[in-house]
Amino acid sequence: MRVAIAGAGLAGLSCAKYLTDAGHTPIVLESRDVLGGLVAAWQDSDGDWYETGLHVFFGAYPNMLQLLKELGIEDRLQWKKHTMIFNQPEKPGTYSRFDFPNLPAPWNGIVAILRNNDMLSWGEKIQLAKGLVPAMLRGQEYVESTDRYTFSQWLKQQGISEDIQQDIFIAASKSLNFINPDEISALVLLTALRHFLQKKDGSKMAFLDGSPTERLCQPLADYITARGGEIRLNAPLKEILLNEDKTVKGFVIRGLNGALDEVLTADVYVSAMPVDVLKIMLPEPWKQDGFFQKLEGLEGVPVINLQLWFDRKLTDIDQLLFSRSPLLSVYADMSNTCRGYANPDRSMLELVLAPAKDWIAKSEEEILQATLAELQKLFPSHFQQDNPAKLLKYHVVKTPRSVYKATPDRQKYRPSQITPISNFYLSGSYTMQPYLGSMEGAVLSGKLTAQAISTRSCHAGVCTEAHPVANLSQEQTQTPQPATNAAIA
Ligand SMILES: Cc1cc2nc3c(=O)[nH]c(=O)nc-3n(C[C@H](O)[C@H](O)[C@H](O)COP(=O)(O)OP(=O)(O)OC[C@H]3O[C@@H](n4cnc5c(N)ncnc54)[C@H](O)[C@@H]3O)c2cc1C
């Protein structure tokens, strides 16, 4: 079957990859001149890459790891020591670590917490354990039911102090969804904790060895095209054309630079575009349908990514760092963490600025100056001296609407990959899958869409070689149900 897919982010590419595996022919349309969507990267005039976002992979990403294996590129992930490192704002320039020992889960996580004495007192450790352990034991159904609360509200209900929230969970919340605990749904933090604590290496982190566009998306594109699929850059979907029965008749591709629009027809159509774009593009007759109306409950969250090149080495830490700064979220010295950006003499910091709602409209210069002021606190020995570190160049990438903003009660708005329209499907990390707005969620959503299309085509008797998409385990496909009042009681 010919399947037209709008959007060449990880979800669209994953969907196309698994469709080719099942013997179908995907045609992927991407509006921009670059693959990857939220993982897209560009090369500047010096040949240096700059990215939409600092991206970290986790041991708890089964579908991403399987995909990399299937592409034969799993060695591109550079796994780091199993540790989490936080800056200590009260002692500028110092770090506090949670080192995970070589023990089965969840004991390695418990020991990591017990051994950390900088950020948590014994009283706080006991408080945290009393709040979190029962929540983890009550299972995912309970976790789903906490979607009604912000994480701050939930912590308060568990008797966990404001100090613990300040110390650990602001950093965790910002790293997961670019917002603070008083905005984020409790479900997000608790789901992430479950993924991380269930598997020994769940919270172990890896960096890709270069830009995601070149090192991850391009191999995906090559895999797809080598098997008869097509990827078209600079091919924005302009309109979804309908038949009288409201099924899709064709995708109108906007002609660029004076070219005429083009209508692409296929057997099946997929939107792997961001939810904010899809909402604008919904055909009028679909807008009455409750399934599509629910999309109004989802909206992308703003975030800003900075990359700063310095004239010297600021740190030799080869790991993600949680800044615990009100302005910044996580950051890393990519000259240490990423083979493709390695430099033994100079640092290249990649930093995520979040929450970004008050910054997204500001100039790059203002954003840069505020970030440099923060760096004075993070690296005092390099900036507060006679010969301070010199900024050689920088790039700022603003994303006004990135992953869906996971405030309370969003789960009920997240759509399934299968829609009420028989020849139209959805992919994207905002669609329902258990990994929320992440790369793993995007890859899994694409796989689920490909699986649904293949299954439906088999049932309709147009099965090519009867290849269902690679089997998915229960854990990978389990689709969370919206929270119910009963579940929380
Ligand atoms: C700063 C930042 C840091 C992040 N860090 C991490 C991390 O460390 N770990 C992690 O797992 N995840 C992280 N994420 C989240 C992760 O990047 C996303 O969840 C994932 O990439 C989303 O993929 P997607 O395919 O669902 O959507 P997108 O990447 O948004 O893809 C949608 C695609 O549709 C295209 N499109 C839009 N309009 C049209 C149109 N009209 N026609 C055709 N195409 C169109 C877009 O250009 C884009 O390519 C981060 C995100 C950001 C922004």
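Me: How many of the 489 residues of the chain count as buried?

Reply: Of the 489 residues, 58% count as buried, where buried means under 20% relative accessible area, exposed means over 50%, and partly exposed lies in between, with a 1.4 Å probe and protein chains only. This is a predicted model, in which local features need pLDDT of at least 70, side-chain atom pairs count only at pLDDT 80 or more, and totals for chains, interfaces and linings use all residues. Residues are numbered from 1 along each chain as its sequence is written, and side-chain values use heavy atoms, with hydrogens and water left out.

Me: What makes up the chain in helices and strands, and why is the chain called as compact as a globular protein of that length?

Reply: The chain has 17 helices and 20 strands, which are DSSP runs numbered from the N terminus (helices H or I, at least four residues; strands E, at least two). Its radius of gyration is 23 Å, close to the 23 Å that the globule rule gives for 489 residues, so the chain is as compact as a globular protein of that length; the radius is taken over C-alpha atoms, and the rule is 2.2 Å times the number of residues to the power 0.38.

Me: Why is Cys 217 called buried, and why is Cys 338?

Reply: Cys 217 has 0% relative accessibility and therefore counts as buried, and Cys 338, at 1%, counts as buried too.

Me: Which residues are closest to the ligand?

Reply: The ligand is surrounded by 36 residues, of which the closest are Glu 30, Leu 38, His 55, Val 56 and Tyr 61; a residue is near a molecule if one of its heavy atoms lies within 4 Å of it. The shell divides into 21 nonpolar, 13 polar and two charged residues.

Notes:
Ala, Val, Leu, Ile, Met, Phe, Trp, Tyr, Cys and Pro count as nonpolar, Asp, Glu, Lys and Arg as charged, and the others, Gly among them, as polar.
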